Structure formats: structure tokens, C-alpha cells
Amino acid sequence: MSVRYDNDRFLYTSVDDPLARPLFDGLEQEYDHRYADVRRRIGGSAREELQRYPAEAFAAPVGAFVLLLRDGVAISGGAFMPHRDEDTAEFKRIWTLPGLRRQGIARRVLQELEDQAARQGYRRVFLTTGFRQPEAVGLYLSHGYTALFDLHADPETIAHLPFEKHLVPQPQPQPQAGNAAALALHGAAA
């Protein structure tokens with residue numbers, strides 16, 4: 001079920017934005033809960049995983065970090081950064097507040113990230129999800145992603161589950177007289 005709210009808007013910002021803190025805190029708690037036994041075996045923490053990449057990795061012109069705000073509060077978000085080749089964006093940290101799941105919110109964020117990646121010239125998306133996140137696997141498969149692993153294998157034996165999707169190029173807006181301010185905001189909020 002997908003419900004649209006008139007007071008929802010996308011905000012392109014930085015991973016350091018205080019609006020993002022509750023999402024990262026929730027994501028850290030979820031990682032700690034789902035993977036506590038793994039962390040005990042291999043070491044490290046969910047916080048270290050979330051801080052693995054510098055904020056600049058998710059900044060324009062090569063990356064993006066977007067929040068979906070409802071009444072000014074972040075309810076979902078995600079990011080991308082360059083992958084191994086110039087045509088591929090790697091999506092990271094797509095997450096929705098637990099009480100708002102199964103409403104199509106993550107799908108909206110995923111679509112927004114795809115659209116922005118295409119606007120920035122990327123032609124392919126690569127992402128991974130954890131082996132204890134079947135909801136994410138379902139989301140990516142239902143949104144046209146191809147699993148780059150054996151879907152019939154035990155996910156625990158694979159650990160990081162990779163996916164890819166080829167993007168449809170987005171037409172670039174053409175400047176029009178009197179429209180410079182609108183073009184300067186393109187991608188800032190949708």
C-alpha cells in the first residue's frame with residue numbers, strides 16, 4: 001500500500017545534517033539488533049560501518065544524500081556515491097523509520113535516488129544489502145534489480161547480497177530565460 005502525504009518532500013543535504021541523526025541512530029540500532037552475533041565474531045560495530053565513508057563521498061557532483069521529510073521530520077532516506085567505474089552509482093543507507101514501513105516509502109526514496117543518479121549521468125546502480133534483511137531483498141527485486149548472487153543459496157553463506165540495475169538516462173533541463181533560479185534549485189528539493 002502506498003499513501004502519499006501532501007506534507008512530504010525530498011531534501012538533498014549532507015550526511016552531517018542534524019535532520020539525518022534520528023535515521024542514522026535507528027539504522028545503527030537495527031544493525032546492532034540484526035547482526036549482534038556476527039559483530040561479536042568478527043568485531044567492529046554498526047557505528048563504524050555507518051561511518052566507513054566520509055561525508056564527501058555522498059556529495060554532489062558525484063554523490064547525493066536525500067532525506068524524505070514529513071512535516072519537517074526525516075522519515076526515510078538514502079544516499080549514493082561513485083562505485084568502481086564512472087557509469088555506476090553505489091546506493092547506501094536506504095532506510096525508513098520502523099513504524100512507517102510497508103507503505104511504499106522506501107520505494108519512493110529508491111526511485112528518487114535512481115532519478116537523481118540518472119540526472120547526474122550514472123547509467124547503472126550497484127548496491128548490497130545484508131543477509132538478514134529479507135525486506136530489502138524483496139524491495140530491490142520488486143523494483144527491477146537483478147540479484148548478483150544465487151537467490152536459492154542460504155543468504156547467511158553469502159553475507160553481502162549484491163544487486164544491480166541499469167538506469168534510463170534522464171533528459172537534462174534546458175535553460176530558459178527567466179528560469180535560472182528554478183534551474184539552480186534542481187535536485188535541491190522535490
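The buried residues of helix H4 (134-142) pack against four elements: strand S4 (88-96), helix H3 (105-119), strand S5 (124-130) and strand S7 (160-166). Contact here means heavy atoms within 4.5 Å, and helices (H or I, at least four residues) and strands (E, at least two) are DSSP runs numbered from the N terminus. This is a predicted model, in which local features need pLDDT of at least 70 and side-chain atom pairs count only at pLDDT 80 or more, while totals for chains, interfaces and linings use all residues. Residues are numbered from 1 along each chain as its sequence is written, and side-chain values use heavy atoms, with hydrogens and water left out.

So which residues of H4 are buried? They are Ala136, Val137, Leu139 and Tyr140, where buried means under 20% relative accessible area with a 1.4 Å probe, protein chains only. These residues sit on the same side of H4 because they cover an arc of only 160° around the axis, the arc being that of the directions from the helix axis to the C-beta atoms. After H4 comes glycine 144, with a positive phi near 90°.

Tyr140 also turns up in the largest nonpolar core, a set of 29 residues where Phe80, Phe91, Tyr140, Tyr145 and Phe163 have the most contacts. A nonpolar core is a set of buried Ala, Val, Leu, Ile, Met, Phe, Trp, Tyr and Cys residues joined through side-chain atoms within 4.5 Å. Elements supplying at least two residues each include S1, S4, S5, H4 and S7, but the largest share, six residues, comes from H3. Apart from this core lies another, of 20 residues, with Leu27, Val38, Phe58 and Leu69 among them.

What its side chain does have is a polar contact with the side chain of threonine 13, at 2.6 Å. A polar contact is a pair of N or O atoms within 3.5 Å; within protein, one must be able to donate a hydrogen and the other to accept it, and residues adjacent in sequence count only if both atoms are side-chain atoms. The backbone nitrogen of leucine 19 also lies 2.8 Å from a polar atom of the aspartate 17 side chain.

Zooming out, the chain has five helices and seven strands, and 45% of its 190 residues count as buried.

Key:
Buried < 20%, exposed > 50% of the residue type's maximum accessible area, 1.4 Å probe, protein only.
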